[in-house]
Each structure stands twice: as structure tokens, then as C-alpha cells.
Amino acid sequence: MAGLSSETQKLPLSPAPKRFKRNRSQKHLPYDVVEIIFSYLPINKVMRLGTASMRFRNSWVMNRKLHFDKDFAKGRGPAEIARILDNVFRQHSGSKIDSFRLYFNHDRVESKAENWIRNSVEKGVEELDLDFGQGKEPFKIASDLLDFESIRVLKLTFCKLNLPLKPKGLCSLSTLVLNKTPAPNGLIQAVFANCLLLENLELRHCTNVYHLKISAGKLNRFKELKVVEGNDLASVHIVAPSLESFFYRGHFSKLNLYGLPAQLNFNGGPLAPAQLKFNGPTAQLKHVILCCPPEKICLGTARTKILLSNLVHVTYLTVTSTFLEGLSQKYENGNLRAMEFSLGNLKELTLVMAPTSFCNPFDISSFIRNCPCLENIVIDMGSFSFRCGYYWEFHAKKKFQEDSRPLKLEFLKYVTLKGFKFENPELQLVRFFLETAIILENLDLITSKNHLLQFGHVDAQVYKHCFLEWRASPKAKIVFLNEKDSPIQFS
């Protein structure tokens with residue numbers, strides 16, 4: 001094809017789009033307007049459009065979105081990818097690149113990757129997404145490569161940033177994602193010193209992170225923090241008055257909470273206790289997700305109380321059943337006592353049940369009792385089944401029934417139970433929601449993929465009779481759902 005090198009022509013091309021008859025009254029867009037529109041499309045799409053019209057066969061040279069991600073890399077080796085990118089950057093004549101995405105094995109060709117990055121930042125790139133996860137060693141990024149004010153979104157996988165950052169380096173950055181990347185304290189501090197417009201920070205499986213310090217006291221726009229536990233993580237210290245959303249994935253056994261103000265602690269190893277400290281006000285913290293696998297030892301009472309004190313302003317909460325196990329009744333001075341707390345601002349709760357969890361219906365109802373303003377509850381049971389042993393049969397079951405009678409959930413409107421299997425403890429949980437939610441509108445029971453939603457006419461009538469008799473809200477709709485079957489509604 002004229003105007004394209006042989007390597008550039010190897011970009012994946014799908015069949016040319018079908019031509020449609022134009023309305024005679026329709027006017028053609030000016031050529032320069034179409035060129036501008038094409039410049040904002042991903043380069044592969046522009047190449048496909050070029051095969052349909054000779055008029056636009058060279059439109060790709062002005063393209064602003066150079067995306068050479070995992071989809072592009074499928075079926076191509078590093079040498080072929082390198083040749084294609086060399087040709088693209090050599091022939092690119094546009095003055096602006098909005099985004100550059102690269103998935104590449106940089107081993108033995110680091111200089112080529114550096115040239116592509118340099119070309120993109122020199123043309124004012126705003127989004128830089130670099131994934132070098134295929135390499136043997138992290139790709140080293142010289143600090144002068146980031147000495148540009150245009151970069152707003154920076155996503156690095158298996159990279160190594162060289163310090164110090166230049167004065168202008170990343171000063172306009174709003175989103176930073178580091179994945180499998182060394183993130184020593186010096187780098188994090190440099191980011192917070194330079195990136196005064198930072199809004200989102202995500203650290204996923206980062207190395208060299210021993211004592212993570214989030215010092216965002218001067219960052220009025222800092223809203224979201226995500227931490228996916230790395231092997232080196234020992235402690236996290238957070239000063240972020242404007243923080244609204246916090247996500248953590250890791251082990252609850254690495255939580256070691258103590259002291260004031262409220263603290264969450266992460267333990268990076270058996271020798272040194274880890275800690276996550278929230279210093280200063282946390283009134284803006286509204287959305288919290290704590291994804292933690294089951295543990296052999298539950299959270300201690302003191303730790304759990306301090307953890308809950310950090311959640312008093314939270315509106316949306318997602319936790320695993322491990323979290324509820326830490327809130328279960330415990331013996332104090334020979335007496336079994338429940339923990340006293342209140343999450344009065346919580347409106348939406350998502351509970352993910354771990355398959356090996358020992359959580360029982362009473363643990364769930366006890367937590368919900370302390371969240372009086374809940375409006376929406378989602379419980380994802382997946383493959384989990386309640387393993388109600390002696391504690392449930394001889395104590396918790398009776399308490400569950402006694403405490404449910406006087407309880408009224410005055411704001412609860414929507415309840416969803418995913419992975420519903422019609423087991424007796426699940427049915428007791430259904431009864432709990434129907435009897436206590438006085439303005440309930442919808443109760444959705446979604447069976448698992450492997451569970452066939454098929455029962456006889458007699459069974460259906462029994463369920464219908466029980467559910468309609470249990471419900472305290474006359475307008476509540478009970479719906480059985482399954483991906484393979486039509487929904488069954490009782491109302």
C-alpha cells in the first residue's frame with residue numbers, strides 16, 4: 001500500500017467496513033475535520049479505516065493514540081514489535097501524542113524502548129502506560145524522561161524509576177499506578193513533593209516497600225489510594241485529609257492495630273510488626289474495600305475496635321467474611337460479650353464469603369444490627385456453605401432468633417444473595433431480612449451457575465407461602481434468578 005512501510009502494513013487489519021449508501025442530502029465532512037477525528041482514534045482503528053478509503057490511507061501518521069498493548073502483542077515477538085514501532089515513530093508527523101501504551105520485552109533492546117518513550121513525551125504525551133513485565137529485570141527509566149509537565153496519567157509495570165526527579169518531573173500528574181515496581185520511600189516522598197495535583201495512587205505488588213509513607217497533607221485533590229500487598233510491606237503511614245476511597249488486598253494477620261489515632265497495621269514478616277496509621281481527620285473517607293483471605297487467628301478485640309473507628313464516616317463498605325469473624329462474640333472475664341460499635345453512615349454493604357470461612361448467620365445479623373442506615377446489602381456466597389457447628393447449634397442460633405424479633409431495619413430497600421443454594425441457614429437469613437426490613441422493595445436470590453433453579457409445584461408453593469408470610473414490607477418482591485433459567489418472582 002502506498003505511503004506505508006512493509007512493517008507498518010503488518011498491523012492487524014480486520015476486513016474493511018461495508019459501504020453504505022449515503023443519503024444524497026448528506027454533506028461530506030471537510031477533509032481536515034475528518035483528519036482531526038481520525039487522529040483521536042487508536043492507531044489500529046485508523047489503519048483499518050485507511051484500507052476502506054484511499055483518501056485516508058495516510059491518516060495514521062497524525063494519530064494521537066499509539067496503543068501497542070497486550071492485544072497488539074499477541075502473536076508477535078519482540079523483534080517484530082520493535083520494527084513496527086520504529087517505523088511508526090519514524091513516519092509519525094503529528095505534533096501531539098495523547099497516549100502511548102506499550103507491552104514489550106525490553107531485554108537487550110532497552111535503548112529502543114527509551115527512544116519510543118522519549119519521542120512520545122517530547123510530543124506532549126498525557127497518558128503513559130508502560131508494561132515491561134516480560135523482561136528479566138525491571139526497565140530503568142531515567143529521571144529526565146519524566147521531566148515534562150504534560151504527563152497526567154502514569155502506569156508502570158516492572159519498571160525502575162531513577163531518582164532524583166527533575167523539578168518539572170510529573171508536576172501535572174493526577175494518576176500514578178506502580179505494579180511490580182520497586183517503590184522505596186524516597187521515590188514515594190519525591191512523588192508527593194512534586195505531584196501536587198495527584199488524585200489517585202495505586203501500588204500493586206511493589207518491591208522495596210518496607211515503610212510506606214503517604215504524606216498527602218498538602219494535596220487537596222488526593223482522593224483514592226489502592227494498596228495490594230507486596231512481600232516487603234512492613235508499615236503504612238497515611239496522612240491524607242482529603243482521602244475518599246481506600247482499597248486494600250492482603251492478609252488480616254498482618255493487621256496489628258493499637259494506639260491513637262486510629263491505626264491499621266500490616267505485618268511484613270515475623271520479626272517486625274507492621275502498621276497502617278491514619279493520622280489526622282478521616283471525615284472524607286467514604287468508600288473502603290478490605291479484601292482479605294481467611295486466617296487461622298481472628299482479629300483481636302482491641303485491633304478490631306480501632307479498625308472500626310476508622311470506618312465511622314464510611315458510606316460504602318466491602319469486606320470479606322474474615323472481617324466479620326473478628327467481630328464475633330468473645331469471652332471476657334468468663335462472659336461471652338459482643339463488641340459495641342456503630343457505623344451510622346454506612347448505606348451500602350458488600351460481603352464476600354470466603355469458601356473456608358466459619359462465619360454464621362448470627363455474625364452477619366450482629367454486624368447489620370450496628371449499621372442502622374443500611375439501604376443496600378449484597379452478600380456474595382459463591383461456593384461458600386455455612387458450616388454451623390456446636391457454637392451455632394447451642395448458642396448463636398438462639399441468639400440469632402431472639403435478637404431478630406425486635407430489630408427493625410428502617411432504611412433497607414435492596415438485598416441480594418448471590419450463590420444461593422436453598423440451604424437451611426440461607427433460608428434463615430432470608431427470613432431475617434424479610435422480617436426486619438420494613439420498607440424492603442427487592443430481595444434477589446441468585447443461584448450459583450451449577451445450581452439448577454428447578455423445583456416442583458409443591459416446593460414453589462411452600463417457598464411462596466413462607467416468604468410472603470415472613471415479609472414485613474407488603475411491597476417487597478422476592479425474585480429467584482439463574483443465568484440458565486427464567487426468573488421466578490413472588491410478590
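First, the ground rules. This is a predicted model: local features need pLDDT of at least 70, side-chain atom pairs count only at pLDDT 80 or more, and totals for chains, interfaces and linings use all residues. Numbering starts from 1 along each chain as its sequence is written, and side-chain values use heavy atoms, leaving out hydrogens and water.

Now the helices. Take α10, residues 390–404, and α11, residues 424–436. Helices here are DSSP runs, H or I, of at least four residues; strands are E, at least two; both are numbered from the N terminus. The axes of α10 and α11 come within 10 Å and cross at roughly 20°. Axes are lines fitted to C-alpha atoms over the stretch in contact, with angles from 0 to 180 degrees between N-to-C directions.

Who touches whom? From α10, W392, K397, F400, Q401 and S404 meet Q428, F432 and T436 of α11. Contact means heavy atoms within 4.5 Å.

On to the rings. The whole structure holds 18 aromatic pairs. Rings of Phe, Tyr and Trp (its six-membered ring) pair if their centres lie within 6.5 Å; planes under 30 degrees apart are stacked, over 60 edge-to-face, the rest tilted. F132 and F139 are stacked, 4.2 Å centre to centre, with 20° between the planes. Both F132 and F139 are buried, meaning under 20% relative accessible area with a 1.4 Å probe, protein chains only.

F422 and F480 are buried too. Finally, ring pairs link F420, F422, Y463, F467, W470 and F480 into a cluster.

Notes:
Buried means under 20% relative accessible area, exposed over 50%, partly exposed in between (1.4 Å probe, protein chains only).
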